[in-house]
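Q: I have a structure to go through before setting up some calculations. Can we talk about its surface and its charged pairs?

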Amino acid sequence: MKYSRILTFFAFIFFFNHIALAQNEDLHKLVTPTTGVIAGSLADEYGKPIPYASIFVLNAKDSVTTAYGITNEEGRFTIAEIPYGKSFLKIEYVGYSTIFTSPFILSESNPIYKMQRIKLTEKVQVLGGVEIRAQVEMLESNLDKKVFNVESSITTDGATAVEVLEEIPSVDVDLDGNVTLRGSENVTILVDGRSTNLTLDQIPANLIESIEVITNPSARLEPDGMSGILNVVLKKRRESGFNGMVSGRGSMEFFRNKPVINNYSGNVNFNYNYNKINVFVNYDFRGYHRLNGGQTHRISWFDQNPAYLYQSNTSEFNGYSHNVRTGLDWFINKKNTLSFTLSYNNNRHKSENNLQVMNDSISEFLYNDGDYFLDILSPSVQTDWIASHSTPFESYLQLSNGQNIRHNFSADINYKKTFEKKGRELTADLYYTRNHRESNDSTAQNYDFPYDHIDIFQKAVTIDDNTTATGQVDFVTPVGQKGRIETGYKLSFRSIGEDYRFFRGDDTTSMYRDNTQSNHFVFTEMINALYFIYSTSFWDKLKIQVGVRGEMANTKSDLKSAGEVHRKDYYNLFPTAHIRYDITKEHSLQISYSRRVSRPSIWQLNPFVDVSDKLNHRMGNPDLTPEFVNSVELGYLMTIKKTSLSFTAFYRQRNDIISRYTELYRDTLTGDNYTLTSYRNLDKSQNFGFEAVFGQKLWKFWNITLSGSFYRVIINDATTHIDDYLARDWTWNARLNQSFNLPKDWQIQVNFRYRAPSITTGSMGWGSGGVGQGKRSGNYSLDLGAKKSFLNKALVISLNCRNLISSYKSQITTYLHQDNRGYDAFSIRERSRFNISLSISYKINNYKKRNVKIDGEEYPDGGED
């Protein structure tokens, strides 16, 4: 079976290649006995296509214009009816410098000339002492996606992908690293369009070119993620000659009013492009020191036996990481390109955690028919009152130390073939990644009460080994006059294994392995997927795209330590539809639909019960089924000179929601009340609302972007006891980003964001962390960044202040009231209050633009031909 799938995959590639080669339509249809054709593409200095640029064909002898054309939405152009002889191009686009290309010759024997990509550079003007520079917008709003250009953000200089995501409208990242999009944690994070084993804090911001927010993807992309896809696009420069950049960063933060040197990093990027070969190398080193803390207050009861639990913890993390990424592009000829990419990440860190625990029984008069008063949990005075009316049961200090080593390797081979027929393209991609992690965690529980209680020592050794391999082929071809077909096949294999070995003893010398608490779990998944997309346009204003993706998924959950095996197979279709109508050049409407899926992860499927915290247990659920969603969006986009506005109304219906769920139990041996957080499929939910992004250039030096979203969440489930307060929610968020381009190469950026209180019910969490049904408090923050350029903009110094003003504490209320048991809990998470960092970067570029002579006059060469 394994070999048949591999043979099928390569046969599929050969079949498409054979079909493509057999179709030999080309530009010769535009050639006449006296005129030829030129074709090419146009991009900015960041490699992004430039649409609707004006291209003039000039005769090399007298500079008379002989033909004219404009680029399309993809930055491509084709110009026919060019008289035979020597010509050159003059290219103009608003905000960019006019360029002239090298001369080219068309003749009866060579009537077609195809240019490689031409690059435009930003135009600089000085008005009233203020230098105005055309820049890539930090946030680009399109109907189908939003693009956040990291290089245009000052406040993320030297940071990680976590801080970058915090700047994107509708995206939030909490203290545990949970990423939410439009209030949902069910979001898929990709790197260069592929799944990744890296966590967000392991991806340096200076390696990121942009982040794409795609809420209703087409059938070409994988259907995973309820609320959509966040695609992290890494830098891959292809500039001529040798160039590079060296940068460094150091930062300090304040935790509980004490300064901490928390981050330092260095980065080098080099790129060399000569003839048909492009090579790039990126290396990043960073060290980090993070602190956080928190408290939990919980009142619980089980058969008329109420108890009060207080926990207070402080955690400290120290570590460093190395990231290396290199690649090679081989432009075999004008139609064939082969690319290779390798990357390696090494991360090591140590952690220390101090957890103070007090577990008491509460006086009977606090208990009243199974209900407790929620308002006694928040104010500190009432918390002290509870403690004074309780009888001590146990009190201990838990000290934990951990060491973690992670190695991640990935490799990618990509082949791209274009054809004479404009728009026809074949790509094939092979991708492999492996992540290996080893951790060693030791815990000691030192009891203050009861005095005769024996101290407990524990040790956990965890080995994770995760592997992902994919093979994909995609084919695009025009059909008819305005139609296009996209189709492809993808085979993906995923293996995720965790070997957890648990040791216990009365002291560090008498430790023994406890097989009842050890766990070896392996999850494997094989997915075969085919997709088909057809798109066309009518009257150049109405564009329609319909697609469908079919998937066959085979999964296996193997709890080797208990001999339990669970197999599940899924066969699903995921239709998509996008309709766009351009009312005018400035106003557009779009409606889209997609069906998507969220598959349970290894942590959610693993049935092993984690009792490392004896009062808060965790386990997975091997009977979980995938969650499905139907998503509809209606969007409006307006772009008028210095003003842009995008408005999107959305509706999502989720079925079989994968959600954390927390219940209370009693240990019959110790008498402890403990919570068990697991996962289950809730019936369904509805999520609807709207989001808006408004961009305005107030003056030539001042840009603002105001964004916000407002939405409603309704969760319905007949099998749980979730209160309506935790199952229905109105919430909203808002962001204001301002950037200033000032004289003398100064730039300033100010960002403010606010997130209103929201429920945690229906969320999946990150890894094995997170709380069950509950509601978290709102938060806000203000960031300030300044940047100054020197040495003709080769040297850049940035100063950033994050959380200049912020709500550095996050509060979560969670409860569950059942017939004979229940609990009310109030938790506080605390992070650093203020962070200041200094970044320095220096650009290296010994490539000097060539000047070309046309009839004795010199012009800058804008092409790469």
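A: A term for the surface first: patches are made of residues with over 30% relative accessible area and no salt bridge, and nonpolar side chains are joined within 5 Å. Keep in mind that this is a predicted model.

Q: Fine. Which residues form a nonpolar patch on the surface?

A: Ile277, Leu328, Trp330, Phe340, Ile413 and Leu430 do. Together they have about 460 Å² of accessible area.

Q: Take Leu430. Which strand is it in, and is it buried or partly exposed?

A: Leu430 is in strand β25. With a relative accessible area of 36%, Leu430 is partly exposed; the cut-off for a patch residue is over 30%.

Q: Charges now. How many salt bridges does the structure hold?

A: There are 25 salt bridges. One of them pairs Glu394 with Lys614, with 3.1 Å between the closest N and O atoms.

Q: Where do Glu394 and Lys614 lie?

A: Glu394 is in strand β24 (residues 390-418), while Lys614 is in the loop between β33 (609-610) and β34 (616-619).

Q: Buried or partly exposed: what does Glu394 count as, and what about Lys614?

A: Glu394 counts as buried because its relative accessibility is 5%, and buried means under 20%. Lys614 has 23% relative accessibility, so it counts as partly exposed.

Q: What about Asp783, which residue does it pair with?

A: Asp783 forms a salt bridge with Arg802, and their closest N and O atoms are 3.7 Å apart. Asp783 lies in strand β43 (residues 779-790) and Arg802 in strand β44 (residues 795-806), so the bridge ties together parts 19 residues apart in sequence. Both Asp783 and Arg802 are buried.

Q: Last one. Which residues do salt bridges with shared partners join into one network?

A: Arg220, Asp474, Arg484 and Glu486.

Conventions:
Residues are numbered from 1 along each chain as its sequence is written. This is a predicted model: local features need pLDDT of at least 70, side-chain atom pairs count only at pLDDT 80 or more; totals for chains, interfaces and linings use all residues. Side-chain values use heavy atoms; hydrogens and water are left out. A salt bridge is a side-chain nitrogen of Lys or Arg within 4 Å of a carboxyl oxygen of Asp or Glu. Helices (H or I, at least four residues) and strands (E, at least two) are DSSP runs, numbered from the N terminus. Buried means under 20% relative accessible area, exposed over 50%, partly exposed in between (1.4 Å probe, protein chains only). Patches are made of residues with over 30% relative accessible area and no salt bridge: like charges are joined within 9 Å, nonpolar side chains (Val, Leu, Ile, Met, Phe, Trp, Tyr) within 5 Å. Accessible areas come from the Shrake-Rupley method with a 1.4 Å probe; for residues, only the protein chains shown count as cover.
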